Amino acid sequence: MTGILLIPLITAVICYIIRGVRATGYANMAGACMLAVFSVPAIISSVSSPLEMMNGMLYMDALSGYIMSLVIFLSLASAIYSVGYLEHELKAGLMDLKGIKRYYTLFHLFIFTMLLVTMANNLAVMWIAIEATTIVSALLIALGFSKRPMAIEAAWKYIILCTVGITFALLGIFITYYASISVTGGEGILNWTALKGIAGRLNPSTMKLAFIFILVGYGTKAGLAPVHNWLPDAHSEAPSPISALLSGILLNTAFYGVLRFISITEPSTGDIFTGNLLIIFGLVSIGISSVFMLVQDNYKRLLAYSSIEHMGIISLGAGIGGLAGFYGAFLHILNHALSKPLMFFTSGRIQAHYGSTKIENVCGVLSSMPLLGTLTFIGALSLAGAPPFNIFLSEFTILKAGIDKGLWTAVGLFLFFAVIVFYGVLSGFGKILLGNKKPEFRIQNNSDSRADIFSNMIMIGMASMIILLGVTIPDFIDNTIIKCIGALGVK
């Protein structure tokens with residue numbers, strides 16, 4: 001297990017030392033590939049039975065393994081995509097050689113912090129790891145800020161709001177520690193596994209207060225409205241591979257903290273209290289983001305608001321609860337982790353070609369770049385929740401779970417907002433893909449390189465998985481999700 005944490009740290013050092021843009025890029029790819037290969041046995045084992053190390057400080061069960069596998073897969077995809085992307089950034093003068101070296105170093109430090117979140121058994125260590133993801137990713141957002149004046153503002157906004165937010169989470173951890181003292185009568189407990197053992201005896205009123213602080217704190221980092229203000233700026237100003245990681249998995253690592261707290265809160269408070277809070281945060285997130293998606297004139301910001309919407313759907317699924325609700329939420333985590341990074345990857349290539357992120361400055365992508373246009377079309381249909389793509393399946397699962405529980409108000413609002421989102425996403429990307437207005441911006445000639453071929457292979461693979469998961473859910477994914485639900489103690 002420690003090797004999983006060491007590989008990104010070693011790769012970060014190598015990327016900082018090595019010379020040459022392409023050599024650094026390939027070192028980065030080699031490190032990401034090695035991490036993927038090395039972590040597979042541990043992830044498979046954790047799904048079957050939990051793993052512990054360092055006197056229980058590090059812990060992996062099915063839920064840890066599920067989120068970790070997404071971190072590693074998206075890190076590998078982003079590492080491969082980054083090589084070609086940064087070559088274009090260098091040619092366009094948006095980043096220099098020092099910037100590229102810093103990018104790859106910070107990139108692997110970012111992976112390390114996210115992996116630590118999934119492996120931390122101790123609440124305090126997990127909080128430190130989540131805060132560390134904020135600091136490292138903020139530096140990545142601000143890279144090349146001299147050429148992107150809004151990037152530095154977005155990074156500062158991100159650091160300040162998320163730091164204030166997870167300070168609330170720290171208070172929630174203090175309250176939980178205090179609640180454990182009243183049960184043990186001696187020293188408090190900070191390990192998940194130990195807290196889960198006494199969860200039924202924790203004071204319900206104290207744990208309700210702790211959960212509110214945790215939900216507001218980690219919910220801020222997860223992009224849940226109304227504490228989401230940092231997200232549209234940060235995700236739209238970051239380099240595209242970093243936007244893919246921020247939207248595809250970082251938000252989920254923060255929500256992972258909320259999920260873990262559900263397992264130690266519900267045994268004492270019951271599931272109605274946590275469920276109602278998650279449903280309210282989920283619906284507010286879906287509702288606010290759907291309105292803002294209608295008025296976006298920047299396609300990267302449209303994707304950023306889409307991330308808020310999908311985190312709201314995950315929160316809604318967890319709030320509805322039960323086997324079906326959590327199954328839909330975990331399936332949606334996977335589906336969103338495929339569709340949103342694909343869209344940020346294609347958007348990065350579109351931005352490099354047209355030199356703009358304004359919707360009005362981009363048109364006819366489907367005819368001028370058929371492969372990229374087709375991949376963008378698949379991603380947009382998926383994000384809009386159109387059948388038969390993957391996100392439709394997980395949204396339908398959550399919707400059915402709500403109907404089965406008789407939550408008609410929540411189901412009605414979800415359907416209403418889903419229609420708005422469907423129009424907002426397809427309207428915005430429809431203009432980009434099918435519009436025939438001559439762009440006023442200068443189109444840049446980007447010759448295909450070997451790095452672009454690798455990027456295309458990654459995007460085609462992700463699009464294929466989006467289509468496959470819209471038709472069927474493979475047994476190993478189905479079994480892993482059921483194990484994740486079991487790890488939370490949901491019956």
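**Figure 1. Charged side chains of the predicted chain.** This predicted model carries 28 positive and 22 negative side chains, with the centres of the two sets 5 Å apart. Here Lys and Arg count as positive and Asp and Glu as negative, while His and the chain ends are not counted; each charge is placed at NZ of Lys, CZ of Arg, CG of Asp or CD of Glu.

Figure 2. The structure holds 13 aromatic pairs (rings of Phe, Tyr and Trp, its six-membered ring, with centres within 6.5 Å; planes under 30 degrees apart are stacked, over 60 edge-to-face, the rest tilted). Take phenylalanine 211 and phenylalanine 273: their ring centres are 6.5 Å apart and their planes meet at 65 degrees, so this pair is edge-to-face. Phenylalanine 211 sits in helix H8 (residues 204–222) and phenylalanine 273 in helix H11 (residues 271–294), 62 residues apart. Helices are DSSP runs (H or I, at least four residues), numbered from the N terminus. Phenylalanine 211 is buried at 0% relative accessible area, whereas phenylalanine 273 is partly exposed at 22% (buried is under 20%, exposed over 50%, partly exposed in between, with a 1.4 Å probe and protein chains only).

Figure 3. With centres 5.7 Å apart and planes at 55 degrees, the rings of phenylalanine 416 and phenylalanine 417 form a tilted pair. Phenylalanine 417 is buried, at 14% relative accessibility. Elsewhere, Tyr66, Phe326 and Phe330 form one aromatic cluster.

**Notes.** Residues are numbered from 1 along each chain as its sequence is written, and side-chain values use heavy atoms, without hydrogens and water. In this predicted model, local features need pLDDT of at least 70 and side-chain atom pairs count only at pLDDT 80 or more, while totals for chains, interfaces and linings use all residues.

Key:
Helix = DSSP H or I, 4+ residues; strand = E, 2+ residues; numbered from the N terminus.
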